[in-house]
Amino acid sequence: MTSHQPPLIACVPVLKDNYAWLIIEPSDGSAVVVDPSESAPVIHAADALDVHLSAIWNTHHHHDHVGGNAGLCERYGPIPVHGSAIDGELGRIPKQSVFHRDGDVVRLSGQEVLVLHVPGHTLGHLAYYVAGMLFIGDTLFGAGCGRLFEGTPEEMFSSLSRLREIPDDTLIYCAHEYTLANLKFACTILPDNEALKARLSATTSLMQPQGGAPLARTVPLTLREEKQTNLFLRWDAPDVMRATGETDPVRVFAALRRRKDRF
Ligand SMILES: [Zn+2]
């Protein structure tokens, strides 16, 4: 961090339950967008905030993360489109022009952004880590984690293990509002866990429709709360091991993921 004003974050709800994120540089009114599913809502949000898009950061190639790339490049010109080198080799991110590997550093005005390769949901999945914020796409969700579409349990476990090493006060910006559904699942695994019950009850109240008001959201999440209540980060907790009947951390994780897939 420098003495420089920190970036501002704006949420752009897209599609049914996706979030794109605008990272706004206050000094010059530029903004990076993370995972634009669609271009129109992002352009609308950028216009309303009077910011100009300077780059696109994609966490992975799924259409609900890159569907807006082409439209945004049309509107803002040939802005850099960041993504994984693995997705780049497969040519599956539209307009991609920057090809990342684990440990790459991207400049965001005065700050360094660390690019992490976190495979599991997909082979090339990336996370962008900057100044206490982690843009994580579909790797970690509120009380859950992404499905293993291309990776193995070992790969996802190793990605989540890296995330667990990141400081507790980090804010997690994921790409879907799945927290309530994930908590309902978690409470079937650990029905007597007080912290989970309290989180489910608080989230249920928060997400209650309020006559015409826009739906509340649970994101950003804090990594502290995820470490405490997200089962997919608690593979070594005695209650989780007991509930899965496993003791090996990867097997605990894999058992939870299988049960969630069938939930
Ligand atoms: Zn995805």
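User: In E4, which residue is the bridge partner of Val32?
Analyst: Ala55 is the partner. Note that this is a predicted model: local features need pLDDT of at least 70, side-chain atom pairs count only at pLDDT 80 or more, and totals for chains, interfaces and linings use all residues. Residues are numbered from 1 along each chain as its sequence is written. Strands (E, at least two residues) and helices (H or I, at least four) are DSSP runs, numbered from the N terminus. Two strands pair if DSSP finds at least two bridges between them. E3 and E4 have five bridges and are parallel.

User: How does the chain get from E3 to E4?
Analyst: Handedness has a rule. With the strands pointing away from the viewer, a crossover is right-handed if the path from the first strand over the helix to the second runs clockwise. Here the path goes from E3 through H1 to E4, a right-handed β-α-β crossover.

User: In which sense do E2 and E3 run?
Analyst: They are antiparallel, joined by five bridges. Trp21 faces Val34 of E3. The two strands form a hairpin with four residues between them. In its turn, Gly29 has a positive phi of about 70°.

User: What is the strand order in the open sheet?
Analyst: The order of the six strands is E1-E2-E3-E4-E5-E6, with mixed pairing. E1 and E6 (98-100) are the edges; each has a single partner strand, so one side of each lacks a neighbour in the sheet. From one strand to the next, the twist averages 25°. Such angles run from 0 to 180 degrees between N-to-C directions of axes, which are lines fitted to C-alpha atoms, for helices over the stretch in contact.

User: Which strands does H1 touch?
Analyst: A contact needs two C-beta atoms, placed from the backbone, within 7 Å. H1 packs on the sheet and touches E1, E2, E3 and E4 (52-57). Its direction makes about 145° with that of E1. H3 (69-76) also packs on the sheet, touching E3, E4 and E5, at about 150° to the direction of E4.

User: How many residues of E3 are buried?
Analyst: Count other C-beta atoms, placed from the backbone, within 10 Å of a residue's own: 20 or more is buried, 12 or fewer is exposed, and in between is partly exposed. E3 is mostly covered, with four of its five residues buried.

User: Is Asp35, with its positive phi, buried or exposed?
Analyst: Most residues other than glycine have a negative phi, and most peptide bonds are trans. Asp35 has a phi near 55°. It is buried, because 32 C-beta neighbours lie inside 10 Å. Asp35 is in the loop between E3 (30-34) and H1 (40-49). Leu15 has a phi near 50°. It sits in the loop between E1 (8-14) and E2 (18-25). Leu15 is partly exposed, with 14 other C-beta atoms within 10 Å.

User: Which residues does the cis peptide bond join?
Analyst: It joins Val219 and Pro220, with omega about 10°. Pro220 is in the loop between H7 (194-206) and E14 (221-222).
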